[in-house]
Number of protein chains: 2
Amino acid sequence: MPSWRHIEDYTMKQADTIINARWLVPVEPEGAILNHHALIIRDGRIARIMPQSEAKRQYRADCIRELSNHALIPGLVNAHTHAGMVLLRGMADDLPLLTWLNEHIWPAEQIHVSAEFVQQGSELAIAEMLLGGTTCFNDMYFFPETTARIAARAGMRTVVGMIVIDLPSAYAASADEYLSRGLALYDTFRNDPLVSAAFAPHAPYTVSERNLERIRTLADELDVCVHIHLHETAHEIAQSVERYGARPLARLDAIGLLSPSLIAVHMTQLEVAEMERLAEAGVHVVHCPESNLKLASGFSPVAALLERGVNVALGTDGAASNNDLDMFGEMRLAALLAKAVAGDATALPAQQALHMATLAGAKALGLGERIGSLVPGKYADLLAVDLANLGSQPVYSPISALVYAANRSQVSNVWVAGRELVADGRLTTLDPAAIRSQSQSWRDKIMS
Amino acid sequence: MPSWRHIEDYTMKQADTIINARWLVPVEPEGAILNHHALIIRDGRIARIMPQSEAKRQYRADCIRELSNHALIPGLVNAHTHAGMVLLRGMADDLPLLTWLNEHIWPAEQIHVSAEFVQQGSELAIAEMLLGGTTCFNDMYFFPETTARIAARAGMRTVVGMIVIDLPSAYAASADEYLSRGLALYDTFRNDPLVSAAFAPHAPYTVSERNLERIRTLADELDVCVHIHLHETAHEIAQSVERYGARPLARLDAIGLLSPSLIAVHMTQLEVAEMERLAEAGVHVVHCPESNLKLASGFSPVAALLERGVNVALGTDGAASNNDLDMFGEMRLAALLAKAVAGDATALPAQQALHMATLAGAKALGLGERIGSLVPGKYADLLAVDLANLGSQPVYSPISALVYAANRSQVSNVWVAGRELVADGRLTTLDPAAIRSQSQSWRDKIMS
């Protein structure tokens with residue numbers, strides 16, 4: 001009956017990609033699980049989500065992915081990293097923050113960091129992040145235009161930092177030069193579909209009050225976010241109190257930086273009044289649990305922040321301090337650690353950890369309307385996780401399996417804006433052998 | 001020149017397996033790294049470790065493994081688990097210990113636990129553990145003879161618990177029956193090369209003083225270890241003080257249980273005098289960081305214990321509370337968490353975490369002379385980890401890469417007593433498809 005078939009096809013709608021997944025976890029609403037649903041991609045966006053049986057009747061596409069043991073979830077958002085630093089992964093471990101920075105990382109950076117270092121480091125970082133299901137990252141590092149270019153070329157979404165630090169580097173000699181290079185970057189990528197820019201003053205102890213004020217003015221004018229390390233260690237607080245008679249958060253408040261545009265990273269040291277002020281001002285917090293533990297920076301009171309309504313996202317920090325760019329690891333550790341810190345095993349349940357790793361990250365970066373959940377109209381930034389692995393079996397709840405048992409090696413397919421960047425565990429836009437080889441050359445150079 | 005070749009072969013020694021690894025990390029001495037070395041296996045034991053160039057001249061074997069991107073390390077020792085419980089993985093999360101036990105786990109166990117449940121759970125657990133590089137596990141669960149039989153059949157090393165608990169179960173109706181079944185198990189496996197037995201009284205709050213005394217006497221007579229949950233939560237301590245006027249550790253001390261035969265699991269609540277008493281008595285502590293966080297049980301003062309010379313091993317606990325049997329995850333979390341708990345980023349460096357996951361575990365189980373490090377004469381219980389993965393690149397130190405960046409999916413080959421149980425990431429003695437299918441049947445039964 002070819003004529004019938006023809007009629008049927010004619011009434012069907014055309015999609016770019018149809019993904020049939022065993023479980024679909026949209027994140028909005030939190031905790032929802034859809035069984036045997038299809039996600040329809042058209043023009044880079046999520047067009048529809050519906051039962052597979054319905055989708056078969058209504059849609060056709062050249063590309064259909066059958067993911068019968070998989071959970072389909074929104075792309076993970078790494079809300080704080082220093083991508084290029086991955087070339088220093090494992091170079092110096094088991095050291096306190098200031099020794100690590102002053103005696104190891106900053107000296108190595110002074111010798112080696114260049115546009116080429118950042119290019120090749122970003123390639124490694126982007127490859128690692130995509131393979132692990134991260135579809136968007138918020139970066140702070142030198143030569144951010146290089147990182148932006150590499151990300152855009154690979155098809156990955158990024159918010160790159162217009163970095164400012166009162167220390168000269170191979171990238172810029174002065175705060176003025178950091179700012180002008182940052183503004184040039186902003187102009188270059190202004191209309192890019194994947195790249196956006198945020199101001200990234202390094203920290204209140206490395207950027208002067210005057211420069212923080214300029215950044216606040218510029219951020220207001222351009223309506224972009226401000227991404228800063230804040231309250232990372234007890235030492236930072238003590239030093240600020242000694243030098244300025246105020247805690248860093250109070251200093252930023254006086255400058256007018258506490259707003260929904262502020263992305264405050266680490267926040268391990270917080271008084272109750274400060275948490276209330278963060279909630280009131282709508283500041284976003286990025287929690288980096290592995291980095292905070294490894295550098296003995298302290299425990300962020302995540303459950304207490306969430307209770308007060310603060311939006312808390314997750315970040316890996318740079319691989320030099322982590323030592324990986326694995327959002328599955330951060331998601332699990334965030335869920336585990338929050339319980340022990342709060343002394344309450346019901347704190348930060350699995351679905352909330354998944355929310356932090358996705359939608360909360362998107363909101364922190366000002367992208368909450370565009371990505372972070374599987375909702376029609378949003379960009380198709382998403383990934384599939386294979387739960388057939390024995391280490392994930394049996395599956396009572398896919399959300400529990402994702403947060404408490406899966407690891408990033410189970411990520412099978414990753415899409416950004418509807419483009420499949422990882423297919424069956426393989427990168428489609430980057431060359432892993434070349435990246436491995438150039439990373440090893442950097443290690444040889446740095447060690448010699 | 002066939003005659004020359006013949007003479008050369010004639011002078012060469014025969015091995016069973018030759019493993020050529022890029023890095024060999026023997027764990028003894030701690031921190032040592034051997035580059036481009038070969039490990040020679042004969043009769044299930046490590047015969048020699050030497051440069052690959054030497055090995056090529058001296059040894060021949062039918063089986064040669066070229067692991068040119070890999071680190072070869074001693075098999076991981078999971079010093080505390082409940083293997084069969086893996087069938088309850090993710091059944092109930094985000095709950096405090098007693099709610100989780102009383103309202104979810106114990107009721108499910110009362111309905112479902114049988115020899116068949118334990119058999120199929122143990123198969124899943126053993127498959128998961130082997131694939132993740134664990135070569136030996138210390139188990140505490142019902143029907144331990146079943147777990148022992150499954151482990152022996154799969155070729156895995158285990159110490160199974162002669163469980164005692166003052167609660168009836170499908171396995172035994174009374175403490176007397178638990179003990180007599182345990183002693184029968186002890187007799188059955190007495191001369192088994194892979195299986196040994198330890199007494200496993202569940203906890204001081206679930207086993208009467210009289211039964212703990214009987215266990216101490218029997219353990220002394222038979223010279224076997226005693227494996228017990230101890231000081232897991234603040235509630236356990238408070239209840240003990242209220243009921244008996246003494247903390248649990250003091251009660252066990254009065255019974256004479258504090259000795260190098262005691263394997264004390266969890267130990268999140270410890271006073272300084274207690275840590276000193278543990279060191280003096282030679283008690284082994286098993287740290288289960290993921291479980292302690294997830295159940296909000298508390299933070300074990302690991303760095304303080306190590307400083308006092310206490311042998312601290314690592315365990316996953318059961319997958320129902322973890323939710324996996326992944327020793328890479330425990331090793332990394334132990335290293336990270338100890339720093340934050342001690343407020344010292346130099347605490348528990350990577351090589352010490354690797355030592356805890358291997359040799360310290362072997363010592364805790366009374367197997368320190370036989371396994372736990374790559375030393376000639378010990379059994380060839382070992383694994384290879386592929387560090388070519390982009391998420392591990394570049395490698396400055398293989399020990400840092402193993403502890404802070406690798407995950408269990410990078411385990412390529414695993415041997416127990418010289419037998420290759422995982423080859424190129426595949427199980428050689430177990431059928432993953434059958435195990436997956438029977439696990440899913442249990443989930444369906446338990447959920448219905």
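Predicted model: local features only at pLDDT ≥ 70, side-chain atom pairs only at ≥ 80, totals over all residues.
Local features need pLDDT of at least 70 and side-chain atom pairs pLDDT 80 or more, while totals for chains, interfaces and linings use all residues. Side-chain values use heavy atoms, without hydrogens and water; residues are numbered from 1 along each chain as its sequence is written, and chains are lettered from A in the order in which they are written.

Rings of Phe, Tyr and Trp (its six-membered ring) pair if their centres lie within 6.5 Å; planes under 30 degrees apart count as stacked, over 60 as edge-to-face and the rest as tilted. Over all chains, this rule gives 9 aromatic pairs. One of them is edge-to-face, because the ring centres of A:F117 and A:W442 are 5.1 Å apart and the planes stand at 85°. A:F117 belongs to helix α4 (residues 115-131) and A:W442 to helix α17 (residues 432-447), both of chain A, so the pair ties together parts 325 residues apart in sequence. Helices here are DSSP runs (H or I, at least four residues), numbered from the N terminus.

A:F299 and B:F299 form a tilted pair, since their centres are 5.3 Å apart and their planes at 40°. This pair crosses between chains, with each residue in the loop between α11 (289-294) and α12 (302-307) of its chain.

Burial is given as relative accessible area (buried under 20%, exposed over 50%, partly exposed in between; 1.4 Å probe, protein chains only).

| Residue | Relative accessible area | Class |
|---|---|---|
| A:F117 | 0% | buried |
| A:W442 | 5% | buried |
| A:F299 | 24% | partly exposed |
| B:F299 | 25% | partly exposed |

A:F143, A:Y171 and A:Y178 make up one aromatic cluster.

Notes
Helix = DSSP H or I, 4+ residues; strand = E, 2+ residues; numbered from the N terminus.
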